[in-house]
Every structure is written in structure tokens, then in C-alpha cells.
Amino acid sequence: MPITINGSGTVTGISAGGLPSGSLTLTGSDLPTGSIIQTKQFSTTTSLEITSTTWTDTNLTVDITPSAASHKILVLVSQYYTTHRNTHTAYGGLKLLRDSTDISHDYYAAFGIRADGDNNRWWKGYVSFNILDSPNTTSSVTYKTQARDHSGNDGPEIKPQDDSMVSTITVMEVKA
């Protein structure tokens, strides 16, 4: 049978993945394991400085509602980060949460600079990581990053967003 496209956009004469001939309606259940069901992304250039040793929300956050509890969520983070100190060592950290649960699994990003009396030391760059999460829900979940200053003395600059650089968080629902 020839493939035909009529003037209204209807396609006939084909079959797709075991669907009846003439039908082009696919649902998530028709897709193979590992298929991406949906993708969401949030980007920001809003500056933020953290001076506390307490984990603090950054402004990088995104919500997603999984279509099946068995599906996984692949989270991709690329966050611009600045650490600055004039005369002492400065260390900062960045981690990922699902709602209020730390899903960094104890391998959050930690980085810093050592000044040892020299003036005006900077570390600037992107911190990128990805985590495949199993939220086990069909309710909306929020993924976000948190940052903190590890040294906590003598005022280091820890900025999980700075210099109008773009930071992004992307979530993808993956069929299990």
C-alpha cells in the first residue's frame, strides 16, 4: 500500500512499531525502555553570593511531573561558580536536591583556592554534573542546587552564579 498524505495532514498506508496500519498515535507505553518522555530546562543569569557554611538554595531550580512512578529522571546541571579570597584559603561546594532530599549521594562538587597570603585569588568556571534519579512518584518534584562556603571565616566570596554567565538545570524523564 502506498503512503499517502492528504491535505489535512492525515498519513495513511504505514505502520509504526506494531500499531495498526494507518495509525500514527504513539503513547509513552509504545516507546522502548530508555526513551525520553519529556524534557524541561531552566536557565538563569541572576547573581547570588553565599557567605554561610549552611547549605543555601541557589536560584537554579526546575519542576517536573513524571508520567509513571517507575520512570527515572536524568538531571543535568551546568552552574557557573566563582570563588574569591584575598589572603586565605576559600572552599565552596555545590549539591543537588530533589525537593528537600539530597540526591548528590555524598559526591557533591567541592572546590576552592588556596591563597597562602597572596592577594586576590580567583577561581571561576562551570561546575557540571549529572545524576540519574528514581523519584518513584507521579507527583511534581523540584530539582535544585544548593551551595555553601566551607571555610566560613574571614569573608570569602562564594558565588554560585556570577558575571551574568548562564547556568542551566535540565531534567529528562526516562522510560524505565
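Is Asn-136 buried, partly exposed or exposed? The close-ups below come from a predicted model, in which local features need pLDDT of at least 70, side-chain atom pairs count only at pLDDT 80 or more, and totals for chains, interfaces and linings use all residues. Residues are numbered from 1 along each chain as its sequence is written, and side-chain values use heavy atoms, with hydrogens and water left out.

**View 1. Asn-136 in the loop between strand 10 and strand 11 (141-149).** Asn-136 counts as exposed, at 56% relative accessibility. Exposed means over 50% relative accessible area, buried under 20%, and partly exposed in between (1.4 Å probe, protein chains only). Its phi is positive, about 50 degrees, although Asn-136 is not a glycine. Most residues other than glycine have a negative phi. Strands are DSSP runs (E, at least two residues), numbered from the N terminus.

**View 2. Asp-99 in the loop between strand 7 (90-98) and strand 8.** Phi of Asp-99 is also positive, near 55 degrees. Asp-99 is partly exposed, at 35% relative accessibility.

**View 3. Ser-104 in the loop between strand 8 (101-102) and strand 9 (109-113).** Ser-104 is buried, at 3% relative accessibility. Its side chain reaches the backbone nitrogen of Leu-96 at 2.7 Å.

**View 4. One aromatic pair, found in a search of the whole structure.** Tyr-80 and Tyr-126 sit edge-to-face, 5.2 Å centre to centre, with 70 degrees between the planes. Rings of Phe, Tyr and Trp (its six-membered ring) pair if their centres lie within 6.5 Å; planes under 30 degrees apart count as stacked, over 60 as edge-to-face and the rest as tilted. Tyr-80 is in strand 6 (residues 72-85) and Tyr-126 in strand 10 (residues 121-133), 46 residues apart. Tyr-80 is buried at 8%; Tyr-126 is partly exposed at 37%.

Notes: Helices (H or I, at least four residues) and strands (E, at least two) are DSSP runs, numbered from the N terminus. A polar contact is a pair of N or O atoms within 3.5 Å; within protein, one must be able to donate a hydrogen and the other to accept it, and residues adjacent in sequence count only if both atoms are side-chain atoms.
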